[in-house]
Amino acid sequence: MIRVDNLHKNFGNLEVLKGVSLEVKKGEVLVIIGPSGSGKSTILRCINLLEEPTKGDIYIEGEKINDKKADINKIRQKVGMVFQHFNLFPNMTAIDNITLAPVKVKKIDKKDAEDIAINLLKKVGLEDKRDSYPVKLSGGQKQRLAIARALAMQPDVMLFDEPTSALDPEMVKEVLNVMKELANEGMTMIVVTHEMGFAREVADRVIFVDDGMIVEEGTPKEVFENPKNPRTKEFFSKIL
Amino acid sequence: MNLDFSSMPQYTQLFINGIIMTIELTLISVAIGAVLGLIVALMKMSSVKVISFIGSAYVEIIRGTPLLVQILIIYNGLPQFGIKFPGFVVGIIALSMNSAGYVAEIIRSGIQAVDPGQMEASRSLGMSHSMAMRYVIIPQAIKNILPALGNEFVVMLKESSIVSVIGFADLTRQAEIISSVTYRAFEPLIIIAAIYFIMTLVFSRLLSKFERRLRSGDTR
């Protein structure tokens, strides 16, 4: 469903990604772990072209997306993204946050968009917050709303860029639970996270990225219990 | 020193005409300046280098040269090439163009003060750049822009007095007219100084009230 081929990304002289290749199948949950600054987030941001790859190809359902002819706005509709800092629209209520893109981009009738939004709010446990502004929400609620907003476009794949890193510890679980539910429903997901418990439990596959390269790849069991690469071992020894 | 305001009340109508003219000129100039300024700001932020250069050059030139010189170029300089406008129009053109340079910077910084994450989130939902600008960025930027635009109005209210040098019948010009009839310079000038002061004071107060309301309605 998603294929990344020899992806390179430079920021000026800094080489952040040094040839990353990966593949995600439909319904698969891929978790990307690694030390900060290793390039994990950049991989995600390249997959919906928030960053333009310096070299390499990215295919979504067979279509090369980093191509001059590709309709990037169309492609992004199929790829939902959840950010570390939520990036909710502060001047809109919860429900308007969700309906904006379906109404303006997909030209869905406002009423239908609201029905979809209400269902999504229920799904993430925020049905009583439909008219609240983001400032009135806790961090965990904000992130759940951001997930609902992304889901409203009915994407084929969801990208999560450290979705719980900006949250207070007691709010991490409510967000992870929503993500787990999503995974159980068969959503294709790529998740960059520091939540090793989540990775173990939910991931179909885990990749460990260090210094712009995939150093280790396998099932959670393989990667966590029997890491082969010394850098992976060192990383786990620091955080576990 | 002999101060004599007794001859002044008979010229009340002239002062009032001047006030109306000054406010009119300022309102029109800031309004046109805001529209021009928005265009210049968008040019300056354009990814096309030539367009962004023109935008930047405009702002630098307008801000780097005296308003008086700009007015004189339009009023005395352009007629040399057969381009001649009446004084009122020159006043509006000069002040609008000048205002646009400052407003462009107000708008640009207002837009750039919006969290870049807002653009990313909008784009990630499939919105085009212009859609994101229109539905997400600009509505948020307006809250940053409006108060500064109000300040620009207050500044322009005072700066506009400079058009009196080309005979524009604004408040300052009226004082000159009155002093040429009464042979008294100090009295009319001190009166218009007081009027300018009161006008800027009133508008500033109104502005800060408006600004407070913007903030209290701020849902961030």
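Reply: In this predicted model, helix H1 of chain B gives the most to the nonpolar patch, contributing six residues. H1 spans 12-44 of chain B, and helix H4 (87-112) of that chain likewise supplies at least two residues of the patch. The patch covers about 970 Å² and is made by Leu27(B), Ile28(B), Ile32(B), Val35(B), Leu36(B), Ile39(B), Phe81(B), Ile83(B), Phe85(B), Phe88(B), Val89(B) and Met97(B). Of these names, Phe88(B) has its place in helix H4 of chain B.

The interface may now be set beside the patch. Between them, chain A and chain B bury about 1,900 Å², with 62% of this on carbon and sulfur atoms. In terms of contacts, 25 residues of chain A meet 19 residues of chain B.

As to specific pairings, one salt bridge is counted between chain A and chain B. It joins Arg45(A) to Glu120(B), whose closest N and O atoms lie 2.6 Å apart.

On the side of chain A that touches chain B, four elements each supply at least two residues: helix H2 (72-78), strand S6 (79-82), helix H3 (94-104) and helix H5 (139-151) of chain A. By class, that side of chain A comprises 15 nonpolar, five polar and five charged residues.

Terms used:
Residues are numbered from 1 along each chain as its sequence is written. Chains are lettered from A and ligands numbered from 1 in the order in which they are written. This is a predicted model: local features need pLDDT of at least 70, side-chain atom pairs count only at pLDDT 80 or more; totals for chains, interfaces and linings use all residues. Side-chain values use heavy atoms; hydrogens and water are left out. Contact means heavy atoms within 4.5 Å. Buried area is the accessible area (1.4 Å probe) that two parts lose on being put together, summed over both. A salt bridge is a side-chain nitrogen of Lys or Arg within 4 Å of a carboxyl oxygen of Asp or Glu. Ala, Val, Leu, Ile, Met, Phe, Trp, Tyr, Cys and Pro count as nonpolar, Asp, Glu, Lys and Arg as charged, and the others, Gly among them, as polar. Patches are made of residues with over 30% relative accessible area and no salt bridge: like charges are joined within 9 Å, nonpolar side chains (Val, Leu, Ile, Met, Phe, Trp, Tyr) within 5 Å. Accessible areas come from the Shrake-Rupley method with a 1.4 Å probe; for residues, only the protein chains shown count as cover.
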